[in-house]
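This report describes how the secondary-structure elements of one chain are arranged and which residues bring them together. The sequence and the model are shown first.

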Amino acid sequence: MAPKRLPPQLHVFVRDWLSANHVVLKSRDGHVVIDSGYVRHAPLTLALLASPRGLGAEPLAWLVNTHCHSDHIGGNAAIARKYGCPIAVPEGEAPLVERWDDRALLLAYADQRADRFRVDRALVAGTTQVWGDLEWRLLAAPGHDMGALVFYNPEHRILISGDALWEHGFGFVMPPEIEPAALPATRATLEKIAALDVSVVIPGHGEPFVDVEAALERAFRRVESFEADSQRIARHAVKVILAFTLLDRQRLPLDDLPEYFERVGIYRDFNARFFRRPASDFAAWLVGELARSGAARCEAGYLMPA
Ligand SMILES: [Zn+2]
C-alpha cells in the first residue's frame, strides 16, 4: 500500500471526483494543506482537516493549490475564513484568480462554482518550498491546466501530481482548436514526470499509487489516441464536464438538457465547433455517451450519476 512509503508528517485525505484529494503536511514551522476540494463539500473538507489525522485544533500556515479548477479551489474561501491562513496558487493562475476570470477558471462557463478567495502568494516553477519539513521542487505541469504545478520531493521520491497524472489517465485536455498548446504540453509534462525518480504518486483524485511506470504508459497511450483525433478530445471533455456536474447536482431533468447545453458556454461552444448537432440531438447523443460509459443512468425523467 502506498501510504507506507509516505513520511509520517504527510497525510492524504482521499476524496472523490467532485472534490480533489487534500494533502496535509505538518511541521513545527507551520502546517500546509494542498488543494481544498469542491465548494459543495467544503463542510466535509473542514471536518476532515479538523480531525486528528488532519490539523486537529492546530493552526494552518498555508493553503496551496496545484491548479485553480473548481474541484481543487472550492474550499479555499472556507478554509481561509476558518484558519485565517494565506493562500498560494501557481504563478500562471494567480492573475485569473485575482480578476476571477470565470471562463479561464472554467466556472460558470462549465456550470461549476467556487467561492472567490484572495491570492497571497504566487508559486513559481523551478523554485523549492519547504512544507512539512520536506523540500518540494515546484515543476511546471501544463496540459490539463496550462498554469498547473506538480510538487516533487526527491528525498522520498514523492510526486504530488494534481491532475497531470492519475493512476488511470489525467484531467481532460482542451482540443487543439481551442488551446493549441494543451496536448503538446500534456505530452511534455508526462515526459518530464517520466524523467523523475518517483516511488509514489499522490494524485489529485484516487489513492496514492506506486506503479508509476504503468500509469505513465496508460497516460501516453491516451495522449496518442488524442493526438490522432481531436474530435475524441472534444467528446472526452464534454463527457467528463457533464459527469462532474452530475456529481455536483445529483440529477438533471432530461427535458431541460437541450436548453441547458445551449445556455452553458462550454457545451454551446463545443457543439458549434466540433459536433454541429441541433440541441436536442446533441443532448440525446451526450446522454447516450455518458450512459454507455457507465458514468450516468436515466431514471424517471432524470439523468443521474450511475
Ligand atoms: Zn481535479
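## The α5–α6 helix pair

In this predicted model, helix α5 (residues 182-194) and helix α6 (residues 212-227) have axes that come within 10 Å and cross at roughly 160°. Because angles over 145 degrees count as roughly antiparallel, α5 and α6 are therefore placed in that category. The crossing in which α5 passes α6 is left-handed.

The α5 side of the contact consists of L183, T186, R187, L190, E191, I193 and A194, and these meet L216, A219, F220, V223, E224, F226 and E227 of α6. Divided by class, the residues of this contact are nine nonpolar, one polar and four charged.

For the model as a whole, the count of salt bridges comes to 16.

Strands of a sheet pair through backbone hydrogen bonds, in either a parallel or an antiparallel sense.

## The five-stranded sheet

A further open sheet has five strands, ordered β7-β8-β9-β10-β11, again with mixed pairing. The edge positions are taken by β7 (128-131) and β11 (200-203); each has a single partner strand, so one side of each is left without a neighbour in the sheet. On average, and with direction ignored, neighbouring strands of this sheet are turned by 30° against each other.

The partner of β7 is strand β8 (residues 134-140), with which β7 pairs in the antiparallel sense over four bridges. In this pairing, R137 of β8 is the bridge partner of T128.

Helix α9 (residues 265-275) packs against helix α10 (residues 279-292) at an angle of about 95°, with the two axes 12 Å apart. Angles of 65 to 115 degrees count as roughly perpendicular, and α9 and α10 are therefore roughly perpendicular to each other. Y267, N271 and F275 of α9 make this contact with F282, W285 and L286 of α10. By class, the residues involved are five nonpolar, one polar and no charged.

Helix α9 also packs with helix α7 (residues 230-249), here at an angle of about 160° and with axes 11 Å apart. The helices α7 and α9 are therefore roughly antiparallel to each other, and their crossing is left-handed. On the α7 side, the residues in contact are Q231, A234, R235, A237, V238, I241, L242 and T245, while α9 contributes I266, Y267, F270, F274 and F275. This contact has ten nonpolar, two polar and one charged residues.

Which residues of α9 take part in the contacts with α7 and with α10? Y267 and F275 are among those that meet α7, and Y267 and F275 are also among those that meet α10.

Terms used. Residues numbered from 1 in each chain as written. Predicted model: local features only at pLDDT ≥ 70, side-chain atom pairs only at ≥ 80, totals over all residues. Heavy atoms only, no water. Axes fitted to C-alpha atoms, helices over the stretch in contact; angles between N-to-C directions. Helix = DSSP H or I, 4+ residues; strand = E, 2+ residues; numbered from the N terminus. Parallel < 35°, antiparallel > 145°, perpendicular 65-115°, else oblique. Left-handed = near helix turned anticlockwise from the far one by under 90°. Contact = heavy atoms within 4.5 Å. Nonpolar A, V, L, I, M, F, W, Y, C, P; charged D, E, K, R; others polar. Pairing = 2+ DSSP bridges. Salt bridge = Lys/Arg side-chain N within 4 Å of Asp/Glu carboxyl O.
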